[in-house]
2 protein chains.
Amino acid sequence: MAKIVVLGAGVMGTALCVPASENGHTVLLVGTPLDQNIVATLRQPGGVHPKLDDPLSANVEAISFDALRSDHLGNADFIVAGVSSPGIEWVTDMLNRLMAAPCPVAFVTKGLDARGATVSTYAQALPPRIPMMSAFVAIGGPCIARELANRLPTASIYACRDISVAERFAKIMETDYYRLSVTTDDTGIEACAALKNFFAIGVSAMQTRYPDPRRANSQSKNPTAAAFTQATLEMARLCERLGGQSATAFGLAGLGDLHVTVGGGRNSRLGHGLGTGRTVLDVLSRELLGETVEGVDTARVLATMPLDEPLTKGDATGYFPLASAIMDAVLEHKPFALDFSSLVVR
Amino acid sequence: MAKIVVLGAGVMGTALCVPASENGHTVLLVGTPLDQNIVATLRQPGGVHPKLDDPLSANVEAISFDALRSDHLGNADFIVAGVSSPGIEWVTDMLNRLMAAPCPVAFVTKGLDARGATVSTYAQALPPRIPMMSAFVAIGGPCIARELANRLPTASIYACRDISVAERFAKIMETDYYRLSVTTDDTGIEACAALKNFFAIGVSAMQTRYPDPRRANSQSKNPTAAAFTQATLEMARLCERLGGQSATAFGLAGLGDLHVTVGGGRNSRLGHGLGTGRTVLDVLSRELLGETVEGVDTARVLATMPLDEPLTKGDATGYFPLASAIMDAVLEHKPFALDFSSLVVR
C-alpha cells in the first residue's frame with residue numbers, strides 16, 4: 001500500500017483521494033490556509049467537501065497546513081499538488097521547508113507563464129525551484145473533479161520525463177473507472193491544458209457566427225467542423241512551439257478536452273457571445289461578470305509569442321489564422337472575424 | 001474557364017455547382033432518372049432545388065439524363081458524381097456508355113463495401129470498372145450541402161492518388177468560403193466518412209450513459225471526452241486496417257466530422273437512445289422510424305472484419321473496445337456497454 005500526501009484541499013486534489021483510497025492506499029489531505037473550513041468539515045464523521053457529493057473513505061485523513069510535518073512527506077511514496085496557480089507559491093514553500101528526502105510530486109496545476117523571454121509551463125519552471133522533488137509529474141486530460149469523485153468513467157494522462165515514474169503513479173491511481181495513459185511530454189500536457197481553453201473560444205464563436213435557423217440549436221455545422229479541425233491543427237503547432245510534442249494535441253489532453261470544452265463552460269460562452277458580434281468587454285461585463293475565463297489568460301500569454309513569424313522562412317506551419325482571430329477579439333476588442341479564406345495553406 | 005459535368009442532381013452535387021459557377025466555370029448538371037422533377041424545376045427561370053434556398057447561377061444548366069451526350073463528357077475538364085450509393089450503378093453505366101476520352105471523375109459518394117473477402121471503398125472498387133476514368137477523386141470532409149450552397153464557411157478535402165489532379169480540381173472549386181486541402185489518401189477519406197458515423201453512435205451513447213443532473217443538458221463531460229478520444233484513436237487504427245493513412249483520421253474527414261456528427265443527427269440520436277439503456281430496435285422503431293442510420297450500415301461492414309485479432313501477435317493496437325461495444329449494441333441488440341476498464345492499454 002502506498003502513502004500519498006495531497007497538498008491543497010481543493011476539489012481536484014480531494015477528488016483524487018477517491019481512486020487512491022479505493023485502491024487501499026493511505027492519503028493525507030492537507031488544506032491550504034484558505035481551506036480551513038473544508039478541513040474542519042472533512043474531519044467530522046460523514047463530512048462532505050462542499051463541492052463534492054459524498055464523504056471520503058476512512059483511508060483519507062484531512063489535516064490543516066499547520067499540522068503537516070516533515071516525516072509526513074518523508075514517508076510519502078507520492079506527493080500531489082492539488083492547487084490552482086495562485087497556490088503554487090504555498091506548495092513550493094511547504095515542499096522546500098518540509099521535504100527531507102527526494103520524492104516525486106504530481107501537479108494538477110496548469111498554466112502558461114510569460115515571465116521572462118519565453119513562455120514556459122510549470123514542467124520547466126518548477127523543478128529548479130524544488131530541489132527535493134525527484135520527478136515532476138503533470139496530471140493532465142479533461143477531468144471534472146466531481147465526476148471523478150462520483151466514479152464516472154474518466155480518462156487521464158500522467159506525464160513525466162521519467163516514464164517509469166508516471167507508470168508507477170498511474171498504477172497506484174488507476175481503477176475501473178479511472179483509466180490512465182502515460183507520456184514523457186509534460187510540457188505538451190500542460191500547454192494543451194491552456195491551449196484548449198483558448199481555442200474553445202474560437203470554435204464556439206464559429207458555432208454562433210453563422211447561424212442556421214432550421215436547426216434546433218441554431219448552429220450550422222460546416223463552419224464548426226472547419227474550426228474544430230483548424231483548432232486541433234494550430235494547437236498541435238503551438239504545442240510544439242512551446243516545447244511539447246504535437247502528438248499530445250491529437251490525444252486526450254488536446255482534442256479530447258477541446259471537444260468537451262466547446263460543449264459548454266465559460267470559454268464556450270465567451271465564444272458564443274463573440275460569434276454574435278459582441279465585444280469581449282460586453283460579454284465579460286454581463287453574463288460572465290466576476291468569472292475567470294482561462295482562455296483569455298492563455299491569450300495574454302500567447303500574445304507575447306511572435307506568431308506571425310514562421311519557425312523558418314517559408315514554413316507554412318507558422319501560420320495561425322484561428323489563434324490570431326481569437327486574440328484580436330479577446331485582447332484587441334475587435335469583433336471576432338476569422339479570415340476563412342486564409343485557411344488551408346496548400 | 002473550366003467545363004464541369006455533374007452527374008446527379010441531388011443536394012450535394014447541386015451545391016457544388018455554386019462555388020464552381022461562382023469561379024466562372026460552366027456547369028452541366030445532369031439529373032438521374034429519379035431527378036426529373038428537380039431538373040424541370042431548375043430549368044425554369046428562378047427555379048430552386050427543393051432542398052436548397054436559392055436559384056443557381058446562369059453558368060449552370062440542368063438537363064435530364066436522356067439529354068446527356070458523349071461530347072458533353074468529352075469537353076469536360078472534370079466530371080463529378082453527385083449521387084449516393086444507390087446511384088453508383090447509374091453513374092458507372094453513363095460513364096462507360098458515353099465517355100470517349102479520359103477524364104478525371106470526383107465522387108461525393110461514400111461507402112464501405114463488404115462484398116468479397118475484404119472490405120473496400122469506392123476508391124478501390126470503381127477505377128477498374130470505369131476504364132475511361134483517368135483519375136478517381138474522393139470529395140471528403142464534413143459538408144452539409146445546403147450550408148455550402150448558402151456560402152457558409154466550409155472546409156473540404158479532395159483526395160487523389162495523383163495529387164496534381166486533386167490540386168487542379170481544388171483550384172477550380174475553391175472560393176473564399178470553400179477551403180480545400182488535398183491528400184493522396186482516397187481510401188482513408190472514404191473510410192473515415194463511414195467510420196465517423198459509426199463512432200458517433202458510441203460517443204453519443206456515452207453522453208447519455210452517465211447523466212449529470214446538474215448540467216443544463218444532463219450530460220457529464222469526463223465519459224464523453226474519453227469516448228471522443230478513444231473514437232479518434234480507433235478510427236485511425238481502422239482507417240489503416242482499411243488501407244488508408246491514420247493521419248487522415250486526425251484531420252477534417254475524421255475528428256472534424258466526428259465532432260459535428262456527435263453534435264446532432266441520426267447517428268447521434270441513435271447513440272443517445274442506446275446510452276439510456278434502450279435497444280437498437282426500440283430506437284429504430286420509434287423516433288428513427290423510416291430513417292437510414294449510416295453508422296449502422298458501417299457496423300454491418302465492420303462486423304465482417306476480424307477486429308479481435310491484432311495485426312501482429314502482441315500488437316496492442318489491434319484492440320477496439322469502443323467499436324466492439326457499438327457493434328454489440330447495434331448488431332447483437334445488446335445494451336450499450338463500453339468496458340471502460342479495458343481502455344488505455346499501457
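1. Chain B can be laid on chain A with an RMSD of 0.0 Å by a turn of 180° and a shift of 0.0 Å along the axis, where the copies are superposed by least squares on the C-alpha atoms of residues with pLDDT of at least 70 in both. The two copies are thus related as by a two-fold rotation axis. The same surface serves both copies, in that 100% of the contact residues of chain B recur in chain A, contact meaning heavy atoms within 4.5 Å.

2. Please keep in mind that this is a predicted model, in which local features need pLDDT of at least 70 and side-chain atom pairs count only at pLDDT 80 or more, while totals for chains, interfaces and linings use all residues. Residues are numbered from 1 along each chain as its sequence is written, chains are lettered from A and ligands numbered from 1 in the order in which they are written, and side-chain values use heavy atoms, with hydrogens and water left out.

3. Chain A is divided into domain 1 (3-184) and domain 2 (187-342), with bounds that come from an automatic or database domain assignment. The C-alpha centres of these two domains of chain A lie 29 Å apart, and their contact takes 23 residues from domain 1 and 17 residues from domain 2.

4. In chain A, the axes of helix α8 (residues 186-209) and helix α11 (residues 252-262) come within 8 Å and cross at roughly 40°; helices are DSSP runs (H or I, at least four residues), numbered from the N terminus, and axes are lines fitted to C-alpha atoms over the stretch in contact, with angles from 0 to 180 degrees between N-to-C directions. α8(A) and α11(A) are therefore oblique to each other, since angles under 35 degrees count as roughly parallel, over 145 as roughly antiparallel, 65 to 115 as roughly perpendicular and the rest as oblique. Among the residues in this contact are A:Phe199 and A:Val203 of α8(A) and A:Leu258 of α11(A).

5. In chain B, helix α8 (residues 186-209) and helix α11 (residues 252-262) pack at an angle of about 40°, with their axes 8 Å apart, and α8(B) and α11(B) are therefore oblique to each other.

6. Helix α9 (residues 222-241) and helix α15 (residues 321-331) of chain A pack at an angle of about 100°, with their axes 8 Å apart, and are therefore roughly perpendicular to each other. Here A:Ala227, A:Gln230, A:Ala231 and A:Glu234 in α9(A) meet A:Pro321, A:Leu322 and A:Ala323 in α15(A).

Methods
Helix = DSSP H or I, 4+ residues; strand = E, 2+ residues; numbered from the N terminus.
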